[in-house]
Amino acid sequence: MVETAAALRSVAFNVRAARLRAGLSLEELGRRAEVSKGALVGLEKAEGNPNLATLVRLADTLGISVSALMRGSTENHVRVVTADQVAPLWIGERGSRARLVVTTSGAAPTEIWHWQLEPGEEYPSHPHQSGVVETVSVTSGRMTLVVDGIDYTVEAGQTATFGGDVPHAYRGAGTETCHLIMTVHLPPAPTGTT
């Protein structure tokens, strides 16, 4: 519980700071991200429990990574993340899970995710901002990757990459649990106008 409260405080601080840096009101951020003003007010007060879809829409709208919204205040040169430090950001009805493990820093950060997809369970994702590239590497099992309405089978030992700015979904396929590592390559943050 203590870790959850601390994570929520970090999200609250980071959302508010990114919103103010972008010069957006609560109303404008809510409109652009399709999140209610009430939910944003609660989030900036460290109240509530935002789901993965909400965090993705906010991050995309603010032009930052999901993990930048969740990052605490301390950063070291070497950061080791253990499995018990990474709570799932999505849990499906059949037990599928998505965990954001870490995000690299720099002008064009990369998010590293661990996914577990149960057979037949699907996570639909909204299109991300232009320039986002996703890479999916299946380590065991099989999945169906749906990109812009077209199904692609990705099996253990295979990797697929695609532009994340179109509708896409991840679905467990076959009879075994599918485990995969996803990287989300974010475009460089805007540097201002010239």
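The domain bounds used here come from an automatic or database domain assignment. For this protein, which is a predicted model, that assignment gives domain 1, covering 1-70, and domain 2, covering 83-185. Contact between the two takes 11 residues from domain 1 and 11 residues from domain 2. Their C-alpha centres, domain 1 on one side and domain 2 on the other, lie 22 Å apart.

Within the protein, the secondary structure amounts to five helices and 10 strands. The contacts show how the chain is brought together: when residues at least 6 apart in sequence are considered, 66% of their contacts join residues at least 24 apart.

The overall dimensions may be considered next. Taken along the principal axes, a box of roughly 45 × 40 × 35 Å is filled by the C-alpha atoms of the protein. The radius of gyration is 17 Å, which agrees with a compact globule, because a globule of 194 residues would have a value near 16 Å.

Burial and surface complete this description. Residues counted as buried, meaning those under 20% relative accessible area, make up 41% of the 194 in the protein. The accessible surface comes to about 10,700 Å², and carbon and sulfur atoms account for 53% of that area.

Finally, the charges can be described by number and by place. The protein has 16 positive and 20 negative charges, and the mean positions of these two sets are 8 Å apart.

Technical notes
Residues numbered from 1 in each chain as written. Predicted model: local features only at pLDDT ≥ 70, side-chain atom pairs only at ≥ 80, totals over all residues. Heavy atoms only, no water. Helix = DSSP H or I, 4+ residues; strand = E, 2+ residues; numbered from the N terminus. Rg over C-alpha atoms; globule rule 2.2 N^0.38 Å. Buried < 20%, exposed > 50% of the residue type's maximum accessible area, 1.4 Å probe, protein only. Contact = heavy atoms within 4.5 Å. Areas by Shrake-Rupley, 256 points an atom, 1.4 Å probe, with all protein chains shown as cover. Lys, Arg positive; Asp, Glu negative; His and termini not counted. Charge placed at Lys NZ, Arg CZ, Asp CG, Glu CD.
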